[in-house]
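Please work through the exercises below with the sequence and the three-dimensional structure at hand. Each task is followed by a solution in steps.

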Amino acid sequence: MSVAYAPIVRALGSETALVLVALAVLTLDFIIGRKREVAKRRELVGAVALFGLALSAVPLVGQVGMTNVLLPGETLVVNPLVIIFKFVLIVLTAVTVLISIDHDIGTHVGEYFAMLLFGAIGMLLLVGTEEFLTIFVALELTSISLYVLTAFHKNSLRSQEAALKYFLFGAIATAFLLFGLSYIYGLTGATNLRDIGAALAKKGTDPLLGVGLLCVLVGLGFKVAMVPFHLWAPDAYEGAPTPVTAFIATGSKVASFFVLVKVLMVAFAGAVGSAYWGAFESGWAMVLGLTATASMVLGNCAAIVQRNVKRLLAYSSIAHAGYILVGLVAASSTGATAVLFYVIVYAITNLGAFGVVAALASRAGGDDLEHFNGMAKRAPFLSLLMLVFVLSLAGIPPLGGFFGKFYLFAAAVECDAEMFGLLWLVALGIVMSAVSLYYYLVLMKHMYVLPAKDETRIATPGHLKMALAFCAAGVVLLGVFPEPILALLKALVVRL
Amino acid sequence: MNELVKQQWLIPFLPLVAAAVQALLPRTARKLSAGICLTAMGASCVLALRAFVGTLGHHEAERAVWNFVWFDYGTTRLELGFILDPMTAAMALMVAFVGFWIFVNATGYMSDDENFTRFFCFLSLFAAAMLGLVVANNLLMLFMCWELVGLCSYLLIGFWHFKPSAAAAMKKAFITTRIGDVGFFLGILLLSWQAGTLNLYDGGNGALEQAGALAGIPGWFGWSMATTIAMLLFIGAMGKSAQFPLHVWLPDAMEGPTPVSALIHAATMVAAGVFMVGRMFALFAADTSGLALNIVMWVGCFTALFSATIAVAQFDIKRVLAYSTCSQLGFMMMALGAGGLAPGQFHLLTHAFFKALLFLGSGCVIIGTHHEQDMRKMGGLRKYMPVTFGCYLIGMLALAGVPPFAGFWSKDEVLLVAFQRNKLAWGLATFAAFLTAFYMTRQMFMVFAGKWRGHHEPHEVPWNMWLPIAVLSVFAVGLGFFGAQYGHYLGAHGEDPHGKWIVMGLSVAVGAAGILLGWIVYGRRTMEHADEPDPLAVKLGALFTCLNRKWYVDEFYDATIIRATMLLGELWRAFDKLVIDGILHGIAWMAWGVSQVVRWVGDEFFINGGFDAGCESVRLSGREFAKFQAGRIQGYLRILCLGTVILLVIWYLK
Amino acid sequence: MTIVFLTLSAITVLGALLAVTLRNLVHCLLALVLFFMGIAGHFFLLKADFLGAVQILIYIGAVAVLILFAIMLTRNISGTEGGRGSLGGAWWLGVGIATTLAGAMCVFVRRSDLVSKLPYGATEEGVVKEIGKLLVTDWVVPLEIMAVLLTAALIGAVVIALEEEKKR
């Protein structure tokens, strides 16, 4: 019984680097930061964190050659798909750091960035494993960091309340997840996805599997904020400091959806069931079909009545979780490709949108819709970027959001070419995106049409503009040239 | 032509660039903004003219397409493409040309609006989208432009969003056309699945080139696949081209600035639906039963007559024109449905010119009379605005179908093709033509004849406003003579002119009769005061009111669909209210009742002591439940568990 | 066996219920200890002696004592300040839903024919040694992640407890 530790260290290069950077950031802030102004501290510590993130991307380059390397018990997996998503997560974290530098996050600067990095580590680990215990521990690492980050507005009661709600909701969801995992383990005697898949294929479906699978879906459904496990999201999104909201809405979602795809497609491939109209069959496709329906309807309808931009985006993200689930319900490799593509597009878009909100809200006096009146005149560049993000979320071509949605729906239609069994879901999705256009346009109306009370220009630092413009460019590029990344994902997903 | 088609993309691209530049311009750069727009539009117009000339001289219907791969998606390969054929060339030229003159007019109309650059930005984007729709050889691209056109019209109709009526109108237009778009989108999905491509023409593999095969496959509702798809697409066209019962948005869209009305109602948005049906004509005509075409014809015929009756009883100068547009679109649809591709498209072209003329003319009138739109408060403008009057008269005669103006020739073609297909449809359409002549005569007399009934002295408009209508009126006169050639140009072969002279004679006769009747009712004695009742209203009584209220269609929708939607919303609210609030209030009331008892008992036994306690308990219980409603975590967790239970039960049952 | 199991389960459930319903924080803690005991008992019952011992040592010996310290160092031991109980107004709703959930799960378990075939308990000798080895070989990655997780949780707890510094 011996294990070669060298490949483990090599596979964990990015994570190790980030742990060291997180500790370095803490120490640095403690030693040098104390005597300086908070804004200066944010710049200093943020720069170090950025440098660390750049550093952590280096080991990924070295891993490119490693195709599907499985380490003991598949607790660690390295393959090109994982590398892509780790890279995406590092980029998302870096942009979040850039947004945070400009944002009031209280006086515990070092701790803030350290927690951000810990969260990122959790996400990287989540992406890079195919084993339930590791998934669970990594999920916890991510969640705990995010709970703490949500509470970082120490003077705001809303932030504290949001964190507590997020934590309690998360704790219950985690309990469900663990409970479900214990059933799965009991049924199959395995914790890694492939062995579970093989064992289930032999045993066939069993009612116990239903309980286990449903409980696992509750745990992961909480992370991706699908109805009815979404209730924490509006409060947490609204209460958390906006850069943290951005991180919850993007990084955490990317990682969770990636895991969800892997878990369902690999471990539970035998318990798909069916969500075809009139031919419902017990299985995760049916469950997700129902939750997707609920998420699309509830998310979009509730978003219409929101007066707060962050809450509006929260409900919008619930609706988007619904769209993404439509791709998963297709239960095909095309569907999985579409889901992964959309998750990337969605994350970049939402990160940008929350970034703009973070930059503008603090200077406009609040994050209600009224505070954004006449933004087009006060901050024309950021308003233009917001326009791009919002149009992408609404699914207007030729932006990334349109193609993402198109693939999702196409995959759902394609999976049953004779009967179009999922057409009902697609039709609902299309109708609901039409509804969504309304509230996105309301936001645009506030920014572009309604007059501002205070017409002074809002100045934002260059690094922030650059980071957000980078996101916008990504959204446009993914819309105009989706081909390269799509082909890559497609090729890799087949080998999943 | 094969070389020319590769430059088709430039036609929509130039206005698109103009729109992008406008978006970045400061608001003060009005001259620069207008200059950029006009240059881009003019250049597009020249390019369209070049393409048009390129298609001339080919007597056979020739078609050049240029497709390119946008990206591969697994087995699905998404291509986009451009097309150059006579229909596209003529349409693109019309849109670019009319659009250009509308832009010129808009520089005058919007000259004192503070959001001048934004207006031109939207206008350019609108023109770009419309041109893109015309030159697209791919349904996906067509759909994208189609949606963009819808978005722009939404923005433009609501341009003066501070008017509540404009805000309502923009929403109405958007929602109504969206209903159509759902059908359109489903049609596209279905077509893409059945044909395996969204390219219209692709050297034998295009979707339209497979129309014959699709007619052989069974589709939904017992129709053939071709008819099913055609009907879904037609729902989209009905929304966009304001066909009954989706016509309600168009008249309300008058709330936008008048150049927008001209652009939407003449050259672009409403034409998109007719153009799309013309473009997909092969699919509509594929089924030998002719079911799809018949439906198109009857919807068109009914809309033509229905809207014409409404137009008779309107007082707003632009509303008359709006219903007239609905009616004329009905004519076009009817022609297409009767199998007359060339007449329908030809009427679309001539109508674009004279309806743009009429709208811009009405814009001139509105500006000349200091933003007055009620025809009853006008009168005698012939003396004050001679140029506008002259042009408007030409437009009116063209619309009324008086020879030799353009409208006569195209309407005659439409009626002829209807005559050959179905006598009843022809009869109804002829009656609609009679009404058209009548209501236009009514409008002329109310606006230009008699004496001025308004307050401020009207004045003639500046040159940049009357020049466009003068230019357009030249075409309103002359364009009709190309009618016969147009059929050949589109590739139609000599048809049997059976009944040609009867139709033409009757058409002239009803036109003359309509004008005569208009003169009898409105011309012999013009209105003296603005508050005088309409002579027709005196004679028709309740029917006039009914027409004036547009057959109560809006009221009907309010009472049914909108009420039902509201009801659904109410139900949702009621769930919130009853289930959660109900528990809250119920218990609060109970607590209140208890407190009453406590108070009563308290008064008896503890003298006022119990009263305070009772009030406190009410307050506490109310607050407690308010907290529950306002997002208490316990409630959240209950819903989480409840959701799991429901999913478990569904799992168990299936 | 069944009687032992049922008794242990009753103790566990009772402890959990009391922990969330009692008003006095110290009493809550004692109820929590009862709950931990029940869990430890279940481990012993399943012949997972090591886990049972760890449960007692860590949870009762360390965690509970730590919580007790925390309570004693803060005010309001008797719980008179906090107002109403922590279950919220419509506690019966929560009880109903929880019961339904448990019931639904029971139905599933009853319908399964696999339950009787599942392996029951572990009887290997030298379990501790095995676990130790596994933790540094096959499960070394989750173990390391746990280390990071604990660090993050520690920092997080400190941040939440800290007051905001005076702004410079």
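The exercises that follow concern a predicted model.

**Exercise 1.** Determine how many helices and strands chain C has, and in what order its elements run.

*Solution.* Step one is the count: chain C comes to 6 helices and 0 strands. Step two is the order, which from the N terminus reads α-α-α-α-α-α.

**Exercise 2.** Describe chain B in the terms used for chain C.

*Solution.* Chain B contains 27 helices and 2 strands. The chain has 654 residues, and 56% of them count as buried. For contacts in chain B with a separation of 6 or more, residues 24 or more positions apart account for 79%.

**Exercise 3.** Which parts of chain A supply the side that touches chain C?

*Solution.* First, the contact takes 38 residues from chain A and 29 residues from chain C. Next, at least two residues of the chain A side come from each of helix 5 (109–127), helix 6 (132–150), helix 7 (157–188) and helix 9 (207–224) of chain A. Helix 6 of chain A gives the largest share, 9 residues. Finally, sorted by class, this side of chain A has 23 nonpolar, 10 polar and 5 charged residues.

Terms used:
Residues numbered from 1 in each chain as written. Chains lettered and ligands numbered in written order. Predicted model: local features only at pLDDT ≥ 70, side-chain atom pairs only at ≥ 80, totals over all residues. Helix = DSSP H or I, 4+ residues; strand = E, 2+ residues; numbered from the N terminus. Contact = placed C-beta atoms within 7 Å. Nonpolar A, V, L, I, M, F, W, Y, C, P; charged D, E, K, R; others polar. Buried ≥ 20, exposed ≤ 12 C-beta atoms within 10 Å, placed from the backbone.
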